[in-house]
Each structure stands twice: as structure tokens, then as C-alpha cells.
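Colleague: I would like to learn how to read a structure. Could we take it feature by feature?

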Amino acid sequence: MRKLIFVMVSVVLLSACQTTSQTPRQTYFDENKPKSILILPIVNHSVDVDAPLAVYSSLPVMLAEKGYYVYPSNTVKTVLEYEGLYEPAEIHQLPTSSLVNMFGADAVLYVSIDRWDTTYMVISSTTEVEFSYKFKNAEGTTIWEAHKKMEYTPQSSSTGNPIGDLIGAVVTAAVNRAVPDYMPLTRMANYQVFYSDPSTYLPNGPYATSKEVKEGS
């Protein structure tokens, strides 16, 4: 019996070690030292047509606060459309060097939405987002990439009344289903990959007001 317990504990400890292991820090972005970033229109693999705008909305601010020059979204849209480029998927297929030549950017950010939906389970609902990120330099070499998946299941407060709690859970789930709030998850995903994840956080750019080492370093 003691031997069985020892084996079970060993397995648990081994699993814990495996889940807490960290991915090595990506440093190629640091070595390239880009000053300006071109954010391409977001490729959307979800059915929500508003998702790309929501995802894009926080990207320029976060990257600018890190100290990089980010090309204004309206300028990017105008230039691309002048070149006859309207579809994000088509734009992502272009040679990076062609995009760099249009704008003079040091690095290009490619982002795609892999998941953006809410699963409804009668008395609960779970909102999920999943994104893929990739930076390429002027030569088209990938210098940084990340994948982030996040989910949120709202919890209704307990009243001590089982029937009341059940009704509250159903109402909470129904509200989240009707008007799911993706923005907190989206902002958190963007923040983590750029600021706090040990393997992906970006170094301060040349225009940063502070040279402090960021979280996750």
C-alpha cells in the first residue's frame, strides 16, 4: 500500500514539474532590434465579422507603449486598398519584402483569430478566444511567434438558496450568451504575449520612456 502511495505521489510530482516547465525565451526579435512595426489586417477564422476590429484595437497602443513606432491603421488600410489589397488572408500571403517596401517598416506583425466564440451549457457558458501571432523582419524571416488561448466562465454569486442560485446561474449564462464580452480576454491575451509571458515578452523599443525590465523577464 505504501509503495502504491509513493508511486502515485511521484506521478503527481512529475506531472507538476512538466506543467510548470518554461519554454526558452525567444531572442531573435531582440537581435533584430526593429524600430517600426507594421500591423497587418487580422485574418479571421471565426464567424464573428466584428472580431478582427476588436482584436486589432489594443495592438497599436500596447506596442507603442513598449517603445515602437506603429504605422497608423487608417494609413495602412488606405495604402493597401490603393494597391488593390482588401482581403486580410490575401495580404498575409504577400512576400513580407513587398509589404516592407510599401511602408518602410522594420518588422511586420501577422495576427490570426483561431477561435472566438461562446459555448452555452444551459446553466453555464464559457467564452473562448485563441490567437496566433508572428513577427517577420524585412527579409521575411520569422523573428518571433506566439499562440495564446484564453477562456472565461462567469460565476454567479451564491445566495444560499439552491433554487435561487440555479436561476441566477441560468440568467448569468443567458446574458453572457446574448452579449459575450470578448474584450477583456482579448486585451489580456495581447498583454501576456507582449508583456508578461517569459518566453515571448518583447524588449522595450527605442522610443520607450522607461528602460525597466518588463514582467516575465
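Colleague: Which residues is N137 in contact with, leaving aside its neighbours within four places in sequence?

Modeller: Contact means heavy atoms within 4.5 Å. With those neighbours left aside, N137 touches N32, T96, D106 and I143. Keep in mind that this is a predicted model: local features need pLDDT of at least 70, side-chain atom pairs count only at pLDDT 80 or more, and totals for chains, interfaces and linings use all residues. Residues are numbered from 1 along each chain as its sequence is written, and side-chain values use heavy atoms, with hydrogens and water left out.

Colleague: With which side chain does the side chain of N137 make a polar contact?

Modeller: A polar contact is a pair of N or O atoms within 3.5 Å; within protein, one must be able to donate a hydrogen and the other to accept it, and residues adjacent in sequence count only if both atoms are side-chain atoms. Here the partner is the side chain of N32, at 3.1 Å.

Colleague: Is N137 buried or exposed?

Modeller: Buried means under 20% relative accessible area, exposed over 50%, partly exposed in between (1.4 Å probe, protein chains only). N137 counts as buried because its relative accessibility is 4%. S73 is partly exposed, at 36%. Of the 217 residues of the protein chain, 39% count as buried.

Colleague: Where do N137 and S73 lie?

Modeller: Helices (H or I, at least four residues) and strands (E, at least two) are DSSP runs, numbered from the N terminus. N137 is in strand β5, residues 125–137. S73 is in helix α4, residues 73–82. The protein chain has eight helices and six strands.

Colleague: How far apart are S73 and I39?

Modeller: In sequence, 34 residues separate them. In space, their C-alpha atoms are 7.8 Å apart.

Colleague: At what angle do the axes of α3 and α8 cross?

Modeller: Axes are lines fitted to C-alpha atoms, for helices over the stretch in contact, and angles run from 0 to 180 degrees between N-to-C directions. The axes of α3 (residues 51–65) and α8 (residues 183–196) cross at roughly 35° and come within 10 Å. Among the residues making the contact are L59 and M62 of α3, with Y191 and F194 of α8.

Colleague: How many residues of each class does that contact have?

Modeller: Ala, Val, Leu, Ile, Met, Phe, Trp, Tyr, Cys and Pro count as nonpolar, Asp, Glu, Lys and Arg as charged, and the others, Gly among them, as polar. The contact of α3 with α8 has nine nonpolar, four polar and two charged residues.
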